[in-house]
Amino acid sequence: MASEGAAYALLMVTLAEMGAEPLPQIWQELRSLRSQKIGAAARGDRRETFDAALEQAEQLFTAAAGVGTATQPLLLFYGLSQLGRAIAASAPELSTKDKKYLLVGHGIDDGRQLQGAATVGLANQMIRGEETGAFPTVAMALHASSMRKAVPLGDLWGLLPYSERFPLPQNGRLTRLELRPSQGWGHDDRVEYVDLTGLPAELKIEVDDPNVVDEAVVRQEWASLVAFLDRYPTLQGGKVTHSEMQRPPLAADGSKLSIPMGFSRADGDRQEAPERAPAYHGAQYVYPRLDDGHLPAHPFMLWWAVLYPLSRLARYYPNVWAKLTAISVNPQAAPIEFILREGLRAVPEIALRALRRAS
């Protein structure tokens with residue numbers, strides 16, 4: 001039975017990923033952008049930077065696919081960094097005059113405490129975006145959180161889609177939510193209706209008799225839901241369709257909770273959902289804020305924040321990295337192997353979508 005359950009889970013995951021573009025096609029599309037006038041990288045030094053950065057990124061990712069965990073994070077991180085350079089070069093949000101698009105310095109800090117990662121755990125390493133440098137500049141181009149408060153690596157890791165397949169020990173407290181098109185209701189063209197899925201089960205208050213509606217419990221459940229959704233900047237302005245306060249707002253869907261929401265939409269505007277929930281392997285996810293600002297996390301910046309400390313561990317503390325990746329003795333090794341393999345296919349896809357947006 002266990003093997004049948006595992007096979008069924010694998011089948012469901014595979015079906016969910018059918019919307020993802022094949023990796024060779026993604027790289028071919030990235031190559032095709034180099035002859036086009038993409039955003040602010042239409043001419044001059046920005047176009048040359050864009051072209052060279054994409055070439056280096058492709059070579060680095062190609063090399064990363066052919067090595068093991070001992071050096072893979074180095075190649076992946078610097079490949080991601082070059083994709084970030086291409087995003088910055090094309091971003092109209094970044095001025096040509098001050099040359100911020102050239103991305104000087106990493107702009108991210110891991111607390112310089114990586115030596116103890118094998119004993120205290122990767123998940124407890126604190127990561128923070130700095131005021132200047134590549135990380136906050138690319139975050140600005142993506143309208144994303146620059147993470148000015150330190151966040152545990154486990155929280156960032158856990159926000160990456162599919163990371164739950166091989167969870168990092170002591171994985172985080174943050175939750176990503178999925179937006180799905182509504183089915184069977186919502187016919188007003190001025191409103192975009194979606195189902196919000198992935199709410200943590202602790203939001204649902206258990207009651208002794210589900211047939212008896214306790215108004216106090218319902219009010220408490222609604223208050224918890226509203227407070228929880230306030231952490232998600234791109235959901236602001238949405239309205240929960242079950243507005244009758246006498247009704248419990250949350251419906252169980254397996255181990256997840258879901259709720260229908262509606263968003264006002266300008267006439268003819270069909271781009272709000274992608275802006276609100278970046279696509280990832282054919283699904284659309286909503287991310288929380290990571291600091292006191294009003295911008296959400298973005299999957300490209302999450303990958304940046306995860307790969308940066310892994311690359312520094314591999315480069316500067318190879319003995320610690322060897323312990324972390326010892327598959328027969330360390331429970332962190334399998335999640336590390338998985339996240340590196342996932343990065344090979346996810347990061348180029350996310351970068352391609354960001355560059356399409358700039359175009």
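Ten aromatic pairs were counted in this predicted model, a pair being two rings of Phe, Tyr or Trp (its six-membered ring) with centres within 6.5 Å, called stacked when the planes are under 30 degrees apart, edge-to-face when over 60, and tilted otherwise. One of them joins Trp27 and Phe61 in a tilted arrangement, with 5.6 Å centre to centre and 55 degrees between the planes. Trp27 lies in helix α2 and Phe61 in helix α3 (residues 44-64), so this pair ties together parts that are 34 residues apart in sequence. Helices (H or I, at least four residues) and strands (E, at least two) are DSSP runs, numbered from the N terminus. Trp27 is buried at 11% relative accessibility, and Phe61 is buried at 3%, where buried means under 20% relative accessible area, exposed over 50%, and partly exposed in between (1.4 Å probe, protein chains only).

A further pair, Phe135 with Trp304, is edge-to-face, at 6.0 Å centre to centre and 80 degrees between the planes. Phe135 sits in helix α6 and Trp304 in helix α10, 169 residues apart. Phe135 has a relative accessible area of 1%, and Trp304 has 0%. Both belong to one aromatic cluster, together with Phe77, Tyr78, Phe300 and Tyr308.

Helix α6 (residues 134-141) is itself mostly covered, with seven of its eight residues buried. Its buried residues pack against α4 (72-90), β1, β2, α10 (299-316) and α12, contact meaning heavy atoms within 4.5 Å. After α6 comes His143, which has a positive phi near 55 degrees.

Returning to α2, the axes of this helix (residues 23-33) and of α12 (residues 333-358) come within 10 Å and cross at roughly 35 degrees; axes are lines fitted to C-alpha atoms, for helices over the stretch in contact, with angles from 0 to 180 degrees between N-to-C directions. On the α2 side, the contact includes Leu23, Ile26 and Trp27, and on the α12 side Leu344, Arg345 and Pro348 are among the residues involved.

The strands form an open sheet of three, in the order β1-β2-β3, with antiparallel pairing, two strands being paired if DSSP finds at least two bridges between them. β1 (108-109) and β3 (151-152) stand at the edges with a single partner strand each, so one side of each is left without a neighbour in the sheet. Ile127 stands opposite Val151 in β3.

Residues are numbered from 1 along each chain as its sequence is written. For this predicted model, local features need pLDDT of at least 70 and side-chain atom pairs count only at pLDDT 80 or more, while totals for chains, interfaces and linings use all residues, and side-chain values use heavy atoms, leaving out hydrogens and water.
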